[in-house]
Amino acid sequence: MITVRPTVHGDADILCALQKAAFQPLYELYHDAGNPCLRGPEDILRRLDHPAFQYFTILDGEEIIGGVVYRRCGRTPFVDELQAGEYYLLRIYVKPDCQSRGVGRTAILLCEKHFPDARKYYVDFPRELEKNRKCYMSAGYRDSGKELEAEPGLVLVAYEKDA
């Protein structure tokens with residue numbers, strides 16, 4: 001059974017390894033400098049201790065299989081400043097052999113229960129990633145019609161969801 005819980009410091013090494021495995025194929029495709037596979041556990045720990053972020057650990061039974069991080073305030077690629085009740089789904093990643101099983105959708109919906117004040121959610125992802133599009137749409141997100149070339153060859157599309 002898929003569950004989520006707030007991430008604790010002891011999860012960082014496992015989450016880092018899962019993040020690297022999940023994002024490596026995208027790095028090989030885009031060679032983008034901001035790819036999460038290039039980051040270590042200190043990136044996760046820094047976000048855990050920062051009030052602008054909320055990190056969750058995804059579990060299948062007792063096994064850690066992924067992570068989700070939301071931004072609560074600040075800038076996003078498509079929003080100049082998040083307002084009260086607005087959350088940006090910065091990153092979700094799932095262990096490669098657990099992907100394409102609805103884990104991402106389930107995790108997103110479970111995480112959203114931790115934000116009772118939510119009015120709106122935002123997410124963006126590379127335009128070509130149909131698997132991501134299906135995941136976010138199944139969790140209730142819709143295409144905002146906005147696009148941004150983040151790096152040469154990497155176009156992001158923005159999706160939104162009203163809470």
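1. Let's start with the sheet: seven strands make an open sheet in the order β1-β2-β3-β4-β5-β7-β6, with mixed pairing. The edge strands are β1 and β6, each pairing on one side only. On average, neighbouring strands of this sheet are turned by 30 degrees against each other, direction ignored. On terms, strands (E, at least two residues) and helices (H or I, at least four) are DSSP runs numbered from the N terminus, and two strands pair if DSSP finds at least two bridges between them. As background, strands of a sheet pair through backbone hydrogen bonds, either parallel or antiparallel.

2. A word on provenance. This is a predicted model, with local features requiring pLDDT of at least 70 and side-chain atom pairs counting only at pLDDT 80 or more, while totals for chains, interfaces and linings use all residues. Residues are numbered from 1 along each chain as its sequence is written, and side-chain values use heavy atoms, with hydrogens and water left out.

3. Next, β3 and β4. Strand β4 covers residues 86-94 and pairs with β3 in the antiparallel sense over six bridges. Within that pairing, Val69 has Arg91 in β4 as its bridge partner. Helix α3 packs on the sheet, touching β1, β2 (53-60), β3, β4, β5 and β7; contact here means heavy atoms within 4.5 Å. The direction of α3 makes about 45 degrees with that of β1, where axes are lines fitted to C-alpha atoms, for helices over the stretch in contact, and angles run from 0 to 180 degrees between N-to-C directions.

4. Which strand is largely enclosed by the rest of the structure? That is β7 (residues 154-162), because eight of its nine residues are buried. Buried means under 20% relative accessible area, exposed means over 50%, and partly exposed is in between (1.4 Å probe, protein chains only). On one side, β7 runs antiparallel to β5, joined by seven bridges, and Tyr122 has Glu160 of β7 as its bridge partner. Strand β6 (residues 142-151) also pairs with β7 in the antiparallel sense, over six bridges, with Val155 in β7 as the bridge partner of Glu149.

5. Gly145 sits in strand β6 and is exposed, at a relative accessible area of 62%. The C-alpha atoms of Gly145 and Tyr159 are separated by 7.8 Å, although these residues are 14 apart along the chain.

6. Now the rings. A search of the whole structure turns up 11 aromatic pairs. One of them is Tyr70 with Phe115, an edge-to-face pair at 5.0 Å centre to centre and 65 degrees between the planes. The pair links distant parts of the chain, 45 residues apart: Tyr70 is in strand β3 (residues 63-71), whereas Phe115 is in the loop between α3 (103-112) and β5 (120-126). For the cut-offs, rings of Phe, Tyr and Trp (its six-membered ring) pair if their centres lie within 6.5 Å; planes under 30 degrees apart count as stacked, over 60 as edge-to-face and the rest as tilted. Both partners are buried: Tyr70 has a relative accessible area of 0% and Phe115 has 6%. They belong to one aromatic cluster made of Phe56, Tyr70, Tyr87, Phe115 and Tyr121.

7. There is also a charge over a ring: Arg47 lies over the face of Phe53, at 4.9 Å from the ring centre. The criterion is NZ of Lys or CZ of Arg within 6 Å of the ring centre and within 35 degrees of the ring normal.

8. Is Thr7 buried or exposed? Thr7 is buried, with a relative accessible area of 10%, and is placed in the loop between β1 (2-6) and α1 (12-30). Its side chain makes a polar contact with the side chain of Thr57 at 2.8 Å. Such a contact is a pair of N or O atoms within 3.5 Å; within protein, one must be able to donate a hydrogen and the other to accept it, and residues adjacent in sequence count only if both atoms are side-chain atoms. Leaving aside residues up to four places away in sequence, Thr7 touches Leu15, Leu48, Tyr55, Phe56 and Thr57.

9. Finally, some backbone angles to look at. Most residues other than glycine have a negative phi. His31, in the loop between α1 and α2 (41-48), has a positive phi near 50 degrees and counts as exposed at 54% relative accessibility. Ser100, in the loop between β4 and α3, has a positive phi near 65 degrees and is exposed, with a relative accessible area of 66%.
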